[in-house]
Amino acid sequence: MNQLTASYSYPVLEEDKFDYNEDIIFNIEQIETDNKENYIVFKYQLLGESLISQLLKNHEAKFTTTVVLKSAMYRETIDTVLEEINPTYIKQKIPLQTTFETQNFFSAIVYTGEDKIIKLNSKVMGLDDFWNGIEIELKKGAILAKGGWRELENSASDLLTVKKDESIKYGFDVTVITNEGGRFLATVEPTLYDKIKLLPKDNDHLRSIVIHMLCLGFMDLKERFKEDDSELTNLKGIKLELKSKGISTWEDDDFKPNQAACYFLKHIIEVEQDNE
């Protein structure tokens, strides 16, 4: 048994913890969504017959997601279901906060029934033999399974807004705007803007244009906000990401805007192979 078991009076399904047999798995997956709405979708599936699956089928447990935004001291637990394939397999829609700071998610299965005493049977509950015959007290709100913490990080390119501007005669200009936590605003010459809008999102040429825009945005950061960027709350996560990788930020004298831009969005160059 894992020593962590001693800290609980009842079995908990968790990675690196051996209260349950190895075929009892709490599987979590983020599903790609083809929309611009401010939410993500998680798919939760509990595999294997266990005490937890029995409680889910009896409507005495729920899948939950706790959303945390540390900088704003925001915390909310969501238990609504977007789609139920069966009691142990659901999809959940998680609204996101309007921010570009890192958002954290904790996935769990929580007991929602009334407080009660249960005598454990390892054979039919998917438990390690250690728990067999033991009586436990389940209290409403107890965490039955832990899926761990996940982070949703935003790239610098997510902070870029592109607009057509009749006053721009050649190419584009990029500046940092400070409203709503700060972002990069690229104002683009009308003809170029119209052509950019026709390019597919995965186009390599478009990618290079966006990298160029980010480079100009980082240059503006260095010129205008080197000493004080406190109002640019959206950019805190970007700065921490750069620092964590040992890359200088706009606060540093050796900051290289082009390298920062290429860190977040790398150039892709397809080279045709010579078959001869």
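Predicted model: local features only at pLDDT ≥ 70, side-chain atom pairs only at ≥ 80, totals over all residues.
**Entry 1: conventions**

I take two strands as paired if DSSP finds at least two bridges between them. Helices (H or I, at least four residues) and strands (E, at least two) are DSSP runs that I number from the N terminus. Residues are numbered from 1 along each chain as its sequence is written, and side-chain values use heavy atoms, without hydrogens and water.

**Entry 2: the chain as a whole**

I count six helices and 13 strands in the protein chain. Of its 276 residues, 42% are buried; buried is under 20% relative accessible area, exposed over 50%, and partly exposed in between (1.4 Å probe, protein chains only). The accessible surface is about 16300 Å², and carbon and sulfur atoms hold 47% of that area (Shrake-Rupley method, 1.4 Å probe; for residues, only the protein chains shown count as cover). I then looked at contacts, meaning heavy atoms within 4.5 Å. Among those between residues at least 6 apart in sequence, 64% join residues at least 24 apart.

**Entry 3: the four-stranded sheet**

I traced an open sheet with the strand order β1-β2-β6-β5 and antiparallel pairing. Its edges are β1 (25-31) and β5 (83-86), each of which pairs on one side only. On average, neighbouring strands here are turned by 20 degrees against each other, direction ignored; axes are lines fitted to C-alpha atoms, for helices over the stretch in contact, and angles run from 0 to 180 degrees between N-to-C directions. I followed β1 to its partner β2 (residues 39-47) and found seven bridges in the antiparallel sense. Which residue of β2 is the bridge partner of I31? The partner is V41.

**Entry 4: the three-stranded sheet**

A second open sheet has the order β11-β13-β12, and its pairing is mixed. Because β11 (160-164) and β12 (172-177) each have a single partner strand, one side of each is left without a neighbour in the sheet.

Strands β12 and β13 (residues 183-188) run antiparallel and are joined by six bridges. Along this pairing I noted T175 opposite L185 and I177 opposite R183. I also checked which way the side chains of β12 point.

Helix α3 (residues 190-198) runs at about 125 degrees to β11, and helix α4 (residues 204-225) at about 45 degrees to β12.

At the start of α4, a side-chain oxygen of N203 comes to within 2.8 Å of the backbone nitrogen of H205. The buried residues of the helix include L206, I209, V210, M213, L214, G217, L221 and F225. Against what do the buried residues of α4 pack? They pack against β11, β12, β13, α3, α5 and α6.

**Entry 5: two serines**

S248 is located in the loop between α5 (236-244) and α6 (257-264). I class S248 as buried because its relative accessibility is 19%. Its side chain makes a polar contact of 2.8 Å with the side chain of D254; such a contact is a pair of N or O atoms within 3.5 Å, where within protein one must be able to donate a hydrogen and the other to accept it, and residues adjacent in sequence count only if both atoms are side-chain atoms. Leaving out residues up to four places away in sequence, S248 touches L242, D254 and F255.

S53 belongs to helix α1 (residues 51-57). With 1% relative accessibility, S53 is buried. Apart from neighbours within four places in sequence, S53 contacts L46, G48 and T88.

**Entry 6: positive phi outside glycine**

I found D16 with a positive phi of about 65 degrees, although D16 is not a glycine. D16 lies in the segment before β1 and is exposed, at 55% relative accessible area. H59, also not a glycine, has a positive phi near 60 degrees. H59 sits in the loop between α1 and β3 (61-69). Is H59 buried or exposed? H59 is exposed, because its relative accessible area is 67%.
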